[in-house]
Protein chains: 4
Amino acid sequence: TIEHLFKEIFKAGLELQEDDHRKALLVSRKKKPEDTVIEINGEKIGDGHPHFVMGPCAVESYEQVAEVAEAVQKQGVKLLRGGAFKPRTSPYDFQGLGMEGLKILKQVADEYDLAVVSEIVNPADIEKALDYIDVIQIGARNMQNFELLKAAGSVDKPVLLKRGLAATISEFINAAEYIMSRGNGKIMLCERGIRTYEKATRNTLDISAVPILKQETHLPVLVDVTHSTGRRDLLLPAAKAAIAIGADGVMAEVHPDPAVALSDSAQQMDIPMFETFMSELKQSALVERTL
Amino acid sequence: TIEHLFKEIFKAGLELQEDDHRKALLVSRKKKPEDTVIEINGEKIGDGHPHFVMGPCAVESYEQVAEVAEAVQKQGVKLLRGGAFKPRTSPYDFQGLGMEGLKILKQVADEYDLAVVSEIVNPADIEKALDYIDVIQIGARNMQNFELLKAAGSVDKPVLLKRGLAATISEFINAAEYIMSRGNGKIMLCERGIRTYEKATRNTLDISAVPILKQETHLPVLVDVTHSTGRRDLLLPAAKAAIAIGADGVMAEVHPDPAVALSDSAQQMDIPMFETFMSELKQSALVERTL
Amino acid sequence: TIEHLFKEIFKAGLELQEDDHRKALLVSRKKKPEDTVIEINGEKIGDGHPHFVMGPCAVESYEQVAEVAEAVQKQGVKLLRGGAFKPRTSPYDFQGLGMEGLKILKQVADEYDLAVVSEIVNPADIEKALDYIDVIQIGARNMQNFELLKAAGSVDKPVLLKRGLAATISEFINAAEYIMSRGNGKIMLCERGIRTYEKATRNTLDISAVPILKQETHLPVLVDVTHSTGRRDLLLPAAKAAIAIGADGVMAEVHPDPAVALSDSAQQMDIPMFETFMSELKQSALVERTL
Amino acid sequence: TIEHLFKEIFKAGLELQEDDHRKALLVSRKKKPEDTVIEINGEKIGDGHPHFVMGPCAVESYEQVAEVAEAVQKQGVKLLRGGAFKPRTSPYDFQGLGMEGLKILKQVADEYDLAVVSEIVNPADIEKALDYIDVIQIGARNMQNFELLKAAGSVDKPVLLKRGLAATISEFINAAEYIMSRGNGKIMLCERGIRTYEKATRNTLDISAVPILKQETHLPVLVDVTHSTGRRDLLLPAAKAAIAIGADGVMAEVHPDPAVALSDSAQQMDIPMFETFMSELKQSALVERTL
């Protein structure tokens with residue numbers, strides 16, 4: 001009957017519209033069916049094996065970073081993270097060492113043959129930072145700082161884009177599109193937990209976002225187990241879940257002495273914990289997908 | 001100095017209070033450090049291996065249930081789920097077959113050597129249902145229907161308690177305590193997704209709840225991958241994540257012909273999909289923990 | 001062009017579907033354009049003037065209730081609330097005096113010429129409670145306890161239905177429909193805050209729900225300022241906002257000595273605060289709509 | 001007894017810590033008990049009377065802005081809003097006219113004796129914008145773009161800071177502190193709805209945030225009724241609630257022809273609607289607080 005026909009047209013219209021929309025995006029699988037693989041320091045992020053990005057929350061000193069770098073290198077990890085520009089809720093909290101911090105990262109990374117992942121927060125700093133970092137991290141609070149996204153899209157350097165605190169998956173994908181539409185397609189997406197009513201964890205790790213992002217886009221997808229859970233005791237189980245569900249990488253924070261860390265002291269691993277974390281991952285059945 | 005001392009007292013007080021509170025609960029690890037293992041139809045839920053609970057959303061007919069039961073049995077699954085009392089958002093949606101549905105479930109389960117898991121929604125129905133079901137399911141909407149919890153706590157039958165739509169982990173644990181405080185300690189907890197702003201999935205699977213519940217309580221923890229994701233394409237990846245993070249079981253919906261199902265048609269697996277689901281899980285590295 | 005035509009058909013279809021759905025509901029404005037007015041103890045709830053429902057969180061003793069009733073009566077308030085069956089997160093918290101509490105409420109209400117509003121939590125208790133209460137309250141945790149809704153819909157007694165903790169407005173309307181579809185159309189809806197990430201208030205008062213519910217349904221809409229904010233200092237401003245946006249009534253908790261209350265001690269008003277609350281509301285420009 | 005004593009010490013410690021924290025902030029009432037009043041174009045924002053900020057979502061042309069400005073002026077409104085730099089979810093949506101848009105706003109504002117409120121999104125643009133705007137708006141997506149906050153804090157120009165999409169009240173206050181700690185204390189806070197699970201409105205207007213922000217800080221607090229509700233039919237009721245609860249101002253979007261607007265077409269008022277909106281507010285009892 002007519003009503004039924006009408007319903008069919010309606011549904012077709014709905015799908016058509018959604019299709020059109022997704023087709024348009026450069027980051028979408030519709031546009032490019034094969035996986036994007038990003039090579040950094042010999043690691044091929046997006047190649048089907050899990051990769052690791054490890055390091056302290058904030059750069060505090062050469063010694064602190066070097067100590068972590070040594071441990072990281074020993075575990076076969078190739079990407080070192082560390083914050084030099086720290087976006088903090090309060091203006092009176094430690095704001096990071098800035099360019100000085102990037103220089104420390106670069107020096108240590110050279111010594112231990114690591115690549116540097118570090119957050120940039122001001123579009124004006126991107127050019128200056130290029131000499132010191134291998135991956136531009138864009139943090140959760142800046143996921144819709146479109147000026148920063150455009151600036152990151154205008155240079156030839158991999159970008160690790162974190163999901164916003166309360167961003168939908170669709171907004172996340174569009175944020176990546178801001179970068180790619182400027183010419184830079186080397187983008188890694190990073191699920192890092194979303195804000196919900198639940199307070200047992202710092203954020204709620206939206207693990208389903210991983211397969212959805214892998215389906216909708218051709219980009220590698222990482223999981224930051226530190227910021228999503230905010231709990232040391234959940235880092236290992238969360239990493240296992242992330243790898244099992246298909247994440248291309250896991251990010252976590254390691255500090256030589258978390259108790260005195262200038263930021264995030266409650267959630268960073270110390271070095272023995274990090275070694276256990278890596279070895280348990282390698283021993284698990286999942287690990288055969290790994291390293 | 002005095003300020004520092006004060007801070008220490010303050011922290012100690014905080015921990016003491018929390019400790020006291022948790023110690024009091026019968027479901028807590030503090031009260032009983034070893035895992036509770038619940039034996040149903042030969043399956044030992046909580047024994048460190050993943051178990052499966054499979055079946056249609058709603059019981060529609062003998063034939064429909066039997067067809068699923070056959071497939072379920074073929075895969076070595078021992079627990080059959082099926083809804084006879086259906087809590088539906090609208091009073092005009094299919095409300096289930098009621099006691100008639102329970103009788104169908106029982107008949108089919110006997111024929112295929114399966115145990116029956118089915119939701120009860122009225123405290124007055126629990127006694128009547130005991131002859132037909134092996135596990136009393138308490139649904140998300142009724143997690144804080146305390147009269148129902150008390151009634152389920154007063155009988156000697158395993159209970160599968162689902163987390164409420166927007167329940168905190170602490171409220172979830174207290175809901176289980178309502179059951180156990182009445183004498184029934186055979187409780188399985190089931191994470192089934194929480195309500196958040198994200199609409200790409202029906203709910204947001206709070207995967208971190210699994211290790212937290214395992215730490216805080218001695219009860220088995222299952223994951224319902226159907227209601228948490230609401231998407232057929234995410235059932236397999238979500239199940240892998242659940243097992244990897246340590247869940248004691250996975251629950252999902254299977255229907256002979258989802259397109260004509262009287263409820264949840266968009267998210268149930270058909271039988272070939274279910275067979276693929278089970279065989280991919282068995283083939284994955286995770287599966288060695290399994291079956 | 002064809003595309004444009006298609007879009008128009010699409011939009012028309014969308015509206016048509018929504019229309020159809022809403023038309024079907026007995027509680028909808030489409031079904032009954034004029035406001036439902038519910039008369040209780042001389043108060044006409046839904047007549048365009050704000051009404052008040054005041055009283056202690058829980059019934060603790062005859063003296064406690066009588067003291068509040070006297071103050072309530074003095075302010076011209078006609079509806080007395082008080083909990084006899086208390087749904088509490090922990091089984092070890094005070095669970096209310098039960099039927100004994102209802103008898104106390106009835107006795108006090110008769111003495112002070114007040115009507116009684118009290119929560120029922122078990123379908124089996126509704127019949128028994130009819131002799132003691134004037135309004136059946138269904139609490140937030142039970143908004144989708146459909147057995148309870150059906151039982152409340154089968155008697156001839158006004159129902160005050162609270163919005164669930166994380167219920168959508170659409171689910172809330174459908175819960176009311178469960179009651180009305182059984183024959184009882186005397187339903188008052190009560191917004192009581194929803195669960196969000198924000199922790200400065202106990203819940204987040206969704207003030208926009210008031211005009212939406214007034215538009216979508218013909219039922220009176222109240223606002224519970226106590227449970228939505230959970231803060232004594234916000235009761236008065238929240239009540240003003242509620243009346244300004246068009247609520248038919250305001251509900252709040254009053255206790256002779258909140259510090260020793262057996263539940264909700266932090267958020268109940270004492271009697272002098274309640275008197276200030278009422279007199280400031282009456283003095284405000286808003287109050288002319290009132291009493 | 002000792003336990004009780006301990007509890008008291010514990011509570012005292014808790015309050016002490018919170019006190020200390022709030023005392024430190026320049027924006028807090030503890031630091032400055034009296035209300036901050038910001039004078040812009042003769043309007044004294046924060047003086048206890050409600051003020052209005054009205055105008056189109058985006059600047060599209062001189063004619064469009066002039067048409068709105070004329071209507072705005074006729075209603076006695078003194079502050080004209082309009083977006084020149086538009087942060088949009090998709091890079092392919094209209095991004096605003098940029099500096100050209102600011103020039104149009106300035107020209108129209110001069111002709112109609114209005115002050116200009118316009119969003120700036122790049123720290124590098126703040127200096128350039130100073131000649132064209134009277135109030136720097138910082139949008140919800142940039143509430144924790146700390147580089148932008150610092151830049152706005154370094155100039156002598158009032159700032160209208162919108163609450164982030166999922167920002168807590170505490171984070172919002174700290175974002176204001178970033179501005180004030182740089183020397184600029186002329187800050188207006190603007191509640192604009194928060195992201196929740198409810199989809200009947202674009203966001204959930206957190207009306208309780210208004211009295212909380214007024215208590216915690218000495219800054220004026222506005223409510224953006226357009227973005228919080230996202231529905232034309234809710235603008236007037238939401239504005240009434242905002243004024244009743246004590247907001248210092250109301251912000252809303254007006255467009256000569258919303259159907260063809262380049263952004264937010266579904267939620268802007270046309271000019272006759274705006275005139276009705278203003279006259280109904282003026283006629284309401286609330287309005288005596290006004291204009």
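Chain A gives 33 residues, and chain B gives 33 residues. Keep in mind that this is a predicted model.

**Stop 1: the A–B interface**

Show the surface of both chains. Together they bury about 2,400 Å² between them. Carbon and sulfur atoms account for 66% of that area. Now pick out A:Tyr197, A:Glu198 and A:Ile212. In chain A, these three lose the most area to chain B. Together they make up 21% of what that side buries.

**Stop 2: links across the interface**

Two salt bridges run between chain A and chain B. Select A:Arg163 and B:Glu198 to see a salt bridge. Their closest N and O atoms are 2.7 Å apart.

Next, colour helix H7 (209-216) and helix H9 (235-244) of chain A. These are the elements that give two or more residues to the side of chain A that touches chain B. Which of the elements gives the most to that side? Helix H9 of chain A does, with five residues. Then colour this side of chain A by residue class. You will find 19 nonpolar, seven polar and seven charged residues.

**Stop 3: the axis**

Stay with the two chains and compare them.

Why do the copies meet through the same surface? Of the interface residues of chain A, 100% are also interface residues in chain B, so the same surface is used by both.

**Stop 4**

Move to the aromatic rings. Over all chains, the structure holds four aromatic pairs. Zoom in on A:Phe146 and A:Tyr178. Their ring centres are 4.3 Å apart and their planes are at 20°, so the pair is stacked. A:Phe146 lies in helix H5 (residues 146-153) of chain A, and A:Tyr178 in helix H6 (residues 169-180) of chain A, so the pair ties together parts that are 32 residues apart in sequence.

**Stop 4: A:Glu147**

Finish with A:Glu147, which is in helix H5 of chain A. Its side chain joins that of A:Lys150 through a polar contact of 3.4 Å. Now set aside the neighbours within four places in sequence. A:Glu147 is then in contact with A:Pro123, D:Val121 and D:Asn122.

Technical notes. Residues are numbered from 1 along each chain as its sequence is written. Chains are lettered from A and ligands numbered from 1 in the order in which they are written. This is a predicted model: local features need pLDDT of at least 70, side-chain atom pairs count only at pLDDT 80 or more; totals for chains, interfaces and linings use all residues. Side-chain values use heavy atoms; hydrogens and water are left out. Contact means heavy atoms within 4.5 Å. Buried area is the accessible area (1.4 Å probe) that two parts lose on being put together, summed over both. A salt bridge is a side-chain nitrogen of Lys or Arg within 4 Å of a carboxyl oxygen of Asp or Glu. Helices (H or I, at least four residues) and strands (E, at least two) are DSSP runs, numbered from the N terminus. Ala, Val, Leu, Ile, Met, Phe, Trp, Tyr, Cys and Pro count as nonpolar, Asp, Glu, Lys and Arg as charged, and the others, Gly among them, as polar. Rings of Phe, Tyr and Trp (its six-membered ring) pair if their centres lie within 6.5 Å; planes under 30 degrees apart count as stacked, over 60 as edge-to-face and the rest as tilted. A polar contact is a pair of N or O atoms within 3.5 Å; within protein, one must be able to donate a hydrogen and the other to accept it, and residues adjacent in sequence count only if both atoms are side-chain atoms.
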